[in-house]
Structures are given as C-alpha cells and as structure tokens.
Amino acid sequence: TGSLGKALIEELLANKSVRRIAIFSRDELKQSQLREIYQNEDRLRWFLGDIRDLPRLKQAFHGVDFILHAAALKHLTTLERFPEEAYKTNVVGTQNILDASVAYGVTTFVNISTDKAADPTSELGKSKLITERFTAGISSYNHKYISVRFGNVIGSNGSFIHTFRQQIKLGGPLTITHPDVTRYFMTVSEAVHLVLQSAIIGKHGETLILDMGEPVRILDIAKHMI
C-alpha cells in the first residue's frame, strides 16, 4: 500500500477483466485510507499482516494467480544500522511469498527489485539480490517467476526527496552522503507500466533491467530543491 502499490491498484482496477485484487500490507493507516477511497469497489480484498508471517500470508492466496511483490524495507541508512531487519523482511519475507505462490499455484510472480542489487555494497542491495536469486531458482515449466530492477521512484515512500523536504522545512542543513553520488529516477506512472510490461515480456527466471536514461547527481537535486 505504498505509492507504487497504490498506483498498481488504480491501474489494475481500470482493467475490467481483472476479477479480484487482494491487497496484503502491514501498514494499517495506509490500508485504512485506501479502503476509504475504494469503499464501493467490490473487487478488492484487504489483508492486514506481515510478509514475515507465512501462515497469515497464506490466507490471502486463495484463488490468486498473479502476484506483484512490492513490499520491502528500503531506507538505505536505516538498513545499514539494522541489517537483520533487511534480511527478515526483504529476504525471509520474499521467500515466504514464493513458498505460498508455489503452494497455491500462482502462475505469474513479479519480484520488484532495485538497481542497487547490481554489484551490491548496501544492505538493501545485498538483500534484494538474494531475492532475485530465490525468484530465479523456482523450478517451473508452465509458470513465470521474474524480477525487475528499478531505480528511484520519485516521491515514493522512503525516497530521499521526502527527507530533503523535511530538512528544508526545518531550515536545513540537507544531508548528502557524498557530493558525487548519483541515482537513476523514474515516475510512479512509469514504474507501474514497466512492472506490468515486464510481467508480459519476461521469461521465467529472468531479471529484467530497465533502461532509465542518465543518472542524476543527488547534490544537483538538493540545490534545485533549496
């Protein structure tokens, strides 16, 4: 139920051939807000729980044949301090979803990863690279289990954009880890369409890497926002 999850819900609801959408999230506030927005949409099913909890997770899988897995801990600095939490949510949580998907015959599984999984140096990148390997390791001849790597989705939960806004609101300073750090960026709308396109064009076991153009310096963005 983060920014990407919300946008995916909107896109899927626009497709009348989608019979049912199950939303599984541990964020009770955001789920409550979405339920208020979509209170008249009878195709939605809501589940509050944590992907670390396999028995609870399985309750959402009845009749599901298509999984978009966007749940993850993503804040780089926080995960460097608490790497075990990155492991429990990103790695164990993903393995739980994969186990449930196989058990319930899910035909298409899309693991939303990150460009930080390439030659990873951060706990986020390391944990997501493991999820890519888990996903690719599922044995299947009739199903499609793939991963897709993203750069930074502008304005998404955990984005440094929110941090910069808060720091500016408080009068500064803005904190940047290194003046030469660069990132790739995309909009939420672009991310949604690329996730769904990946599910169509991807082949089982693949990790799809998106062409995101040229990287942008974080320092330049900070100066622009100031």
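Colleague: Is Glu123 buried, partly exposed or exposed?

Modeller: Buried means under 20% relative accessible area, exposed means over 50%, and partly exposed lies in between, with a 1.4 Å probe and protein chains only. Glu123 has a relative accessible area of 23% and is partly exposed. This is a predicted model, where local features need pLDDT of at least 70 and side-chain atom pairs count only at pLDDT 80 or more, while totals for chains, interfaces and linings use all residues. Residues are numbered from 1 along each chain as its sequence is written, and side-chain values use heavy atoms, with hydrogens and water left out.

Colleague: Which residue forms a salt bridge with Glu123?

Modeller: A salt bridge is a side-chain nitrogen of Lys or Arg within 4 Å of a carboxyl oxygen of Asp or Glu. Glu123 pairs with Lys126, and their closest N and O atoms are 3.9 Å apart. Lys126 is partly exposed at 38%. Helices are DSSP runs of H or I with at least four residues, strands are runs of E with at least two, and both are numbered from the N terminus. Lys126 and Glu123 are 3 residues apart in helix α6 (residues 123–136), about one helical turn.

Colleague: How many salt bridges does the rule give?

Modeller: The count is 9. Among them is the pair Arg52 and Glu85, at 2.6 Å from N to O. Arg52 lies in the loop between β2 (44–48) and α3 (54–58) and Glu85 in helix α5 (residues 83–103), so this bridge ties together parts 33 residues apart in sequence. Arg52 is partly exposed at 28%, and Glu85 is partly exposed at 23%.

Colleague: Which residues are linked with Glu85 in a network of salt bridges?

Modeller: Arg52 and Lys88. The Lys88 to Glu85 bridge spans 2.8 Å from N to O. Both residues lie in helix α5, 3 residues apart, about one turn of the helix.

Colleague: Which residues touch the most other members of the largest nonpolar core?

Modeller: A nonpolar core is a set of buried Ala, Val, Leu, Ile, Met, Phe, Trp, Tyr and Cys residues joined through side-chain atoms within 4.5 Å. The largest core has 18 residues, and Leu4, Val148, Phe150 and Met186 touch the most other members. At least two residues each come from α1 (3–13), β4 (108–114), β5 (144–150) and α8 (188–201). The largest share, 5 residues, is from α8.

Colleague: What is Val148 in contact with, leaving aside neighbours within four places in sequence?

Modeller: Contact means heavy atoms within 4.5 Å. The partners of Val148 are Val110, Asn111, Ile112, Ser113, Ser198, Leu208 and Leu210. A second, separate core of 15 residues includes Ile51, Ala60, Phe109 and Tyr145.
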